[in-house]
Amino acid sequence: MKNIQKLFTKATAVILVSSLSAMTVFAAELNNMSDTLSSVKINTVSNHTIVFTTPTGLGNGSTTVITFQSDFSIPAGLDFTDVDINVGGAYVGSTTIAALPTGTTLGVVRTSATVITITASSSAVIAPGAVVYIRIGTNAIHDATGDQQITNAT
């Protein structure tokens, strides 16, 4: 009876560990990252142009989080109309974005005073190896012109 209990306990532990490790998600490190600000003046609003190469792409249902240092401030009014996402060039290959991801549209939301979250729908995909350009602020012009900017570090 003790052997059966030990075997059952070990099997339960193996199943538990296996199921936990199956839910682990790893993100690839981005390459050639940069963030160009329209103004570097302290505590002043600024547009941002973020550029990076994604080695694994942005797949179906995936989430990308852009986190600024704690002394930057993203205004509460910043929404998807203040963001452009272009693939392959600064002003080419514009991706359609909205508050929520649907079809081939990426969802873009301000999730805190320092975080912008990009979510792909089941059909929205950015290919591996793509160079991604993200404009945030009044420099966002695709579909709508942005009217909110991020306040620089203090």
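Which side chain does the side chain of R135 meet in a polar contact at 2.5 Å? The partner is the side chain of D84; a polar contact is a pair of N or O atoms within 3.5 Å, where within protein one must be able to donate a hydrogen and the other to accept it, and residues adjacent in sequence count only if both atoms are side-chain atoms. This is a predicted model, in which local features need pLDDT of at least 70 and side-chain atom pairs count only at pLDDT 80 or more, while totals for chains, interfaces and linings use all residues. Residues are numbered from 1 along each chain as its sequence is written, and side-chain values use heavy atoms, with hydrogens and water left out.

**Chain overview**

- The chain contains 1 helix and 11 strands; helices (H or I, at least four residues) and strands (E, at least two) are DSSP runs, numbered from the N terminus.
- Read from the N terminus, the order of elements is α-β-β-β-β-β-β-β-β-β-β-β.
- The chain has 154 residues, of which 32% count as buried; buried means under 20% relative accessible area, exposed over 50%, and partly exposed in between (1.4 Å probe, protein chains only).
- Of the contacts between residues at least 6 apart in sequence, 64% join residues at least 24 apart; contact means heavy atoms within 4.5 Å.

**Sheet of 5 strands**

- An open sheet with antiparallel pairing has 5 strands in the order β1-β3-β10-β5-β6; two strands pair if DSSP finds at least two bridges between them.
- Strands β1 (31-37) and β6 (94-95) are at the edges with a single partner strand each, so one side of each has no neighbour in the sheet.
- Strands β1 and β3 run antiparallel and are joined by 5 bridges; T36 has T49 in β3 as its bridge partner.
- Strand β3 (residues 48-54) is mostly covered, with 6 of its 7 residues buried.
- Between β3 and β10 there are 7 bridges in the antiparallel sense, and H48 has I136 in β10 as its bridge partner.
- Strand β5 (residues 83-87) pairs with β6 over 2 bridges, also in the antiparallel sense; here N86 stands opposite S94 in β6.

**Sheet of 4 strands**

- A further open sheet has 4 strands in the order β4-β9-β8-β7, and its pairing is mixed.
- Its edges are β4 (63-67) and β7 (97-98), each of which has a single partner strand, so one side of each is left without a neighbour in the sheet.
- Strand β4 runs antiparallel to β9 (residues 115-119), and 5 bridges join the two.
- I66 has I116 in β9 as its bridge partner.

**R135 and its surroundings**

- R135 lies in strand β10 (residues 130-136) and counts as buried at 3% relative accessibility.
- The structure holds 1 salt bridge, that is, a side-chain nitrogen of Lys or Arg within 4 Å of a carboxyl oxygen of Asp or Glu.
- This salt bridge is formed by the side chains of D84 and R135 (2.5 Å, N to O).
- The pair links distant parts of the chain, with D84 in strand β5 and R135 in strand β10, 51 residues apart.
- Both D84 and R135 are buried.
- The side chain of R135 also makes a polar contact with the side chain of N86, at 3.2 Å.

**Aromatic pair**

- A search of the whole structure finds 1 aromatic pair; rings of Phe, Tyr and Trp (its six-membered ring) pair if their centres lie within 6.5 Å, with planes under 30 degrees apart counted as stacked, over 60 as edge-to-face and the rest as tilted.
- The pair is F68 and F72, with ring centres 5.9 Å apart and planes at 45°, so it is tilted.
- F68 is buried at a relative accessible area of 8%, and F72 is buried at 15%.

**V45**

- V45 is in strand β2 (residues 45-46) and is partly exposed, at 42% relative accessibility.
- The C-alpha atoms of V45 and Q148 are separated by 8.6 Å, although the two residues are 103 residues apart along the chain.
- Not counting residues up to four places away in sequence, V45 touches S39, Q149, I150 and T151.
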